[in-house]
Amino acid sequence: MKFLATLLLLLLIAAGAAWYFITTPFGPTHETFVEIAPHTPTADMAAQLQKAGIIRNSFAFEALRLYEKGTLKAGEYRFDHPVPMTEVYRRIVKGDIYTIGITIPEGYNIFDIAQAIQDAGLGQRDDFLAAERKHTELIAEWADPAHPPASL
């Protein structure tokens, strides 16, 4: 009987700790980005979130995953204030990734687009143009067979 009482007490303590880890807000006080690669296992994702200071405990995140279910989505996530682990989990299931919008006006050529990318702070103009020349396979299906793109 004493063994069962001790076991019950330990289970209650474990459940209380899990409840605390999952529901108490935790996280950064400044803007923090976490990039989750496609096909990242839950354990690695939890470790990455813990290392970035987004969650308190990776094991609690994995336990939440077992309870909540849902497909965790890859992407770059932005966290800027403390939130409960349940909110972090829901954002990753929802795929609430960080995006930056940029409008390319009709009539812009590749050089105008490269300048707009640089002006938006998304990269350097010359890097964009180099990538544009290198990765012509991305537009190969629209290429004119009579005028193939020049290769480097």
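Mentor: A salt bridge is a side-chain nitrogen of Lys or Arg within 4 Å of a carboxyl oxygen of Asp or Glu. The structure above is a predicted model, in which local features need pLDDT of at least 70, side-chain atom pairs count only at pLDDT 80 or more, and totals for chains, interfaces and linings use all residues. Residues are numbered from 1 along each chain as its sequence is written, and side-chain values use heavy atoms, with hydrogens and water left out.

Trainee: How many salt bridges does that rule give?

Mentor: Side chains of opposite charge can pair when their charged atoms come close. Here the count is four. In one of them, Asp-126 and Arg-125 meet at 4.0 Å, N to O. Another joins Asp-96 to Arg-91, with the closest N and O atoms 3.2 Å apart.

Trainee: Which parts of the chain does the pair of Arg-78 and Glu-31 link?

Mentor: The side chains of Arg-78 and Glu-31 form a salt bridge of 2.6 Å, N to O. This pair links distant parts of the chain, with Arg-78 in strand β2 and Glu-31 in the loop between α1 and β1, 47 residues apart. Helices (H or I, at least four residues) and strands (E, at least two) are DSSP runs, numbered from the N terminus. Glu-31 and Arg-78 also belong to a network of salt bridges with Asp-80.

Trainee: Are Asp-96 and Arg-91 buried or exposed, or something in between?

Mentor: Buried means under 20% relative accessible area, exposed over 50%, and partly exposed in between (1.4 Å probe, protein chains only). Arg-91 has 18% and is therefore buried, whereas Asp-96, at 34%, is partly exposed.

Trainee: Which residues make the nonpolar surface patch?

Mentor: Patches are made of residues with over 30% relative accessible area and no salt bridge; like charges are joined within 9 Å, and nonpolar side chains (Val, Leu, Ile, Met, Phe, Trp, Tyr) within 5 Å. Accessible areas come from the Shrake-Rupley method with a 1.4 Å probe, and for residues only the protein chains shown count as cover. Phe-33, Tyr-98, Ile-100, Ile-102, Ile-104, Tyr-108 and Leu-122 make a patch of about 570 Å². Ile-100 lies in the loop between α4 (85–94) and α5 (110–119), and is partly exposed at 45%.

Trainee: What is the phi of His-39, and where is this residue found?

Mentor: Most residues other than glycine have a negative phi. His-39 has a positive phi of about 65° although it is not a glycine. His-39 is found in the loop between β1 (32–36) and α2 (42–51), and is exposed at 81%. Lys-69 also has a positive phi, near 65°; this residue lies in the loop between α3 and β2 (75–79).

Trainee: Which element gives the most to the lining of the second largest pocket?

Mentor: Rolling a probe the size of a water molecule over the atoms shows where empty space is left. On a 1 Å grid over the protein atoms alone, probed at 1.4 Å, a pocket is an open set of points with protein on both sides within 12 Å along at least five of seven lines; lining residues have an atom within 4 Å of a point. The second largest pocket holds about 170 Å³ of space, and α1 gives the most to its lining, with five residues. Among the lining residues are Trp-19, Ile-22, Leu-64 and Tyr-67.

Terms used. Grid points are joined across faces, edges and corners, and a volume is the space filled by probe spheres set on the points.
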